[in-house]
Amino acid sequence: MLLTEKICVLKQVKPFGLLSENELLSIADVIKERTFLPGHEIITEGKYLNNIYVVVHGGIVDSEERDLGNIYGIRNLLLDLPAEDSVY
């Protein structure tokens with residue numbers, strides 16, 4: 001994904017859409033794109049997170065298959081909390 005594409009994706013996701021172009025550029029520059037197959041465990045319950053996950057295509061669900069939206073991990077990362085559930 002090109003840097004400009006990453007910025008466009010971030011603009012569509014709260015809270016990133018509230019940031020300036022320079023702030024978005026700084027974040028987009030360090031984003032690592034990952035692809036996961038359906039059903040693959042992305043986050044294990046009880047583990048501490050080092051990343052925020054932004055979903056561009058597809059979706060993420062918890063162990064009870066509840067939709068978790070298009071972003072996951074902000075609260076956990078900022079408050080140093082472990083994942084409440086596994087995420088797929």
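What follows is a dialogue about a predicted model of one protein chain.

Student: What elements does the protein chain have, and in what order do they run from the N terminus?

Tutor: The protein chain has three helices and two strands. From the N terminus on, the order is α-α-β-β-α.

Student: What share of the residues counts as buried, and what makes a residue buried?

Tutor: A residue is buried when its relative accessible area is under 20%. By that cut-off, 24% of the 88 residues count as buried. The accessible surface of the protein chain is about 6,500 Å², with 53% of it belonging to carbon and sulfur atoms.

Student: Why is Asp-29 called exposed?

Tutor: Exposed means over 50% relative accessible area. Asp-29 has 58% relative accessibility, so it counts as exposed. Asp-29 lies in helix 2.

Student: What makes the phi of Glu-65 worth a remark?

Tutor: Most residues other than glycine have a negative phi. Glu-65 is not a glycine, yet its phi is positive, at about 65°. Glu-65 is in the loop between strand 1 and strand 2. With 69% relative accessibility against a cut-off of over 50%, Glu-65 counts as exposed.

Student: What is the phi of Asp-80, and why is Asp-80 called exposed?

Tutor: Phi of Asp-80 is near 55°, a positive value in a residue other than glycine. Asp-80 has a relative accessible area of 56%, and the cut-off is over 50%, so Asp-80 is exposed. Asp-80 is in the segment after helix 3.

Student: Why is Leu-81 called partly exposed?

Tutor: Buried is under 20%, exposed is over 50%, and partly exposed is in between. Leu-81 has a relative accessible area of 27%, so it is partly exposed. Leu-81 is also in the segment after helix 3.

Student: Which residues does Leu-81 touch, not counting those up to four places away in sequence?

Tutor: Leu-81 touches Tyr-48, Arg-75 and Asn-76. Contact here means heavy atoms within 4.5 Å. Leu-81 and Tyr-48 are 33 residues apart in sequence, with 6.3 Å from C-alpha to C-alpha.

Student: Where is the cis peptide bond, and what is its omega?

Tutor: The cis bond joins Lys-14 and Pro-15, with omega about 5°. Most peptide bonds are trans. Pro-15 is in the loop between helix 1 and helix 2.

Student: What is the volume of the largest pocket, and which residues are closest to its centre?

Tutor: The volume is about 1,000 Å³. Of the 32 lining residues, the closest to the centre are Lys-32, Arg-34, Ile-52, Tyr-53 and Val-54. Helix 1, helix 2 and strand 1 are the elements that give two or more residues to the lining. Helix 1 gives the most, with three residues.

Student: How is the lining of the largest pocket divided by class?

Tutor: The lining has 21 nonpolar, seven polar and four charged residues.

Technical notes:
Residues are numbered from 1 along each chain as its sequence is written. This is a predicted model: local features need pLDDT of at least 70, side-chain atom pairs count only at pLDDT 80 or more; totals for chains, interfaces and linings use all residues. Side-chain values use heavy atoms; hydrogens and water are left out. On a 1 Å grid over the protein atoms alone, a cavity is a set of points where a 1.4 Å probe fits but cannot get out, and a pocket is an open set with protein on both sides within 12 Å along at least five of seven lines; lining residues have an atom within 4 Å of a point. Grid points are joined across faces, edges and corners, and a volume is the space filled by probe spheres set on the points. Helices (H or I, at least four residues) and strands (E, at least two) are DSSP runs, numbered from the N terminus. Ala, Val, Leu, Ile, Met, Phe, Trp, Tyr, Cys and Pro count as nonpolar, Asp, Glu, Lys and Arg as charged, and the others, Gly among them, as polar. Buried means under 20% relative accessible area, exposed over 50%, partly exposed in between (1.4 Å probe, protein chains only). Accessible areas come from the Shrake-Rupley method with a 1.4 Å probe; for residues, only the protein chains shown count as cover.
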